[in-house]
Amino acid sequence: MRADSTPDRDGSAVEDLTASADTTVRIAVLDDYQHVAREFGDWHTLPANTEVTVFDEHIADPAELVRGLEPFHVIAAMRERTAFPSEVLRALPNLKLLVTTGMGNAAIDTAAAAELGVTVCGTGNGMRAGADWSTTSELTWGLILAVARAIPREDRAVRTGGWQHTVGKDLAGATLGVLGLGRVGAQVATVGRAFGMEVLAFSENLTAERARQAGARAVDKRELFAASDVVTVHTKLGERTRGLVGRAELDLLGPDSILVNTSRGPIVDERELLSALHEGRIGGAGIDVFEREPLPEDDPWRHAPRTVLTPHIGYVSENTYRAFFTETVEDIRQFLAGTPVRVLNAD
């Protein structure tokens, strides 16, 4: 990286983008896996001197990332797909605005950005409307049902001439354990009750009254894993929750039960979960999030038994993407007009 060549960012080395209509403002849109960024964002409303480049492929190597992004004044990031630590930010001398979808991004060093004079803005409409929470809870139930009824396996069997290879797991009368009873967890709990499940819940600060409001019963973590037929993870990733689900919890869950994670990969000890699956110590797992994303081609998850795997698509839906990209364009437009909105690293 060329961190040592980073120029002064007070405007002397890079023309102030908010004041000049002559400079071509180069905008990079990252990680457009589905090739839909141009469809969902009203990019035509940006000033005529803007130039938008969309990157469809993820750039994992920091040095390659810096080489690719060095010419750009504005970068639009999709959630935490691409990390912007201090060393990467310092190696991007032209960067003036970094937009992230969502109103928080643990993969961006916002303090370093502020020090360098880089404004960081977020998008909030999808979150406020509840779209992101709903899409994640919907996918959670998709994974629970897919694992419980072996839907992917039976689908493949039918397409290749087979017929009825599995016996499905009943959800009515079973126990659902919700690890983290925030907005997503509460929605998942509501659906669990509709399926006729008893719902247990655990989080560090969960009260009995808050659990009752969501139709759940508050228990400690040990009881949650010991008593549940299905455990679904909806807590935030932090120092207290990293590795929250490990060997002890998986052993309590048992060989007939299901674990689903649509929150963040590091909350579950991946090595222990993979071992439990290969050894038959748990019945199955539905996983949307991983320690490393995108998964390397040779990642052991790709060969894990009794699993349904999705590529971190809990928040990926039409309504959420439309809100994200609409507000991304608004953030850029307002910044270029000299009136930034939804600033995440203001003094």
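Two strands are taken to pair if DSSP finds at least two bridges between them, while helices (H or I, at least four residues) and strands (E, at least two) are DSSP runs numbered from the N terminus. The model described here is predicted, so that local features need pLDDT of at least 70 and side-chain atom pairs count only at pLDDT 80 or more, whereas totals for chains, interfaces and linings use all residues. Residues are numbered from 1 along each chain as its sequence is written, and side-chain values use heavy atoms, with hydrogens and water left out.

Strand 7 (residues 198-202) is largely enclosed by the rest of the structure, because four of its five residues are buried, buried meaning under 20% relative accessible area with a 1.4 Å probe and protein chains only. The strand pairings discussed in this report are tabulated below.

| Strands | Sense | Bridges |
|---|---|---|
| Strand 6 (residues 175-179) and strand 7 | parallel | five bridges |
| Strand 7 and strand 8 (residues 217-218) | parallel | two bridges |
| Strand 4 (residues 97-100) and strand 5 | parallel | three bridges |

Gly 177 has Leu 200 of strand 7 as its bridge partner. From strand 6 the chain passes through helix 8 to strand 7 in a right-handed β-α-β crossover, where right-handed means that, with the strands pointing away from the viewer, the path from the first strand over the helix to the second runs clockwise. Strand 7, helix 9 (residues 208-213) and strand 8 likewise make a right-handed β-α-β unit, and Ala 201 stands opposite Ala 218 in strand 8.

Helix 8 (residues 183-194) reaches 17 Å from its first C-alpha to its last, close to the 16 Å expected, the expected span being 1.5 Å times one less than the number of residues. Its buried residues include Val 184, Gly 185 and Val 188, and these three are among the residues that His 234 touches, contact meaning heavy atoms within 4.5 Å. His 234 lies in the loop between strand 9 (230-233) and helix 11 (247-253) and is buried, with a relative accessible area of 11%.

Five strands form an open sheet in the order 2-1-3-4-5, with parallel pairing. Strand 2 (50-54) and strand 5 (119-121) stand at the edges, each with a single partner strand, so one side of each is left without a neighbour in the sheet. Val 99 has Cys 121 of strand 5 as its bridge partner.

Methods
Buried means under 20% relative accessible area, exposed over 50%, partly exposed in between (1.4 Å probe, protein chains only). Lists of a residue's contacts leave out its neighbours within four places in sequence.
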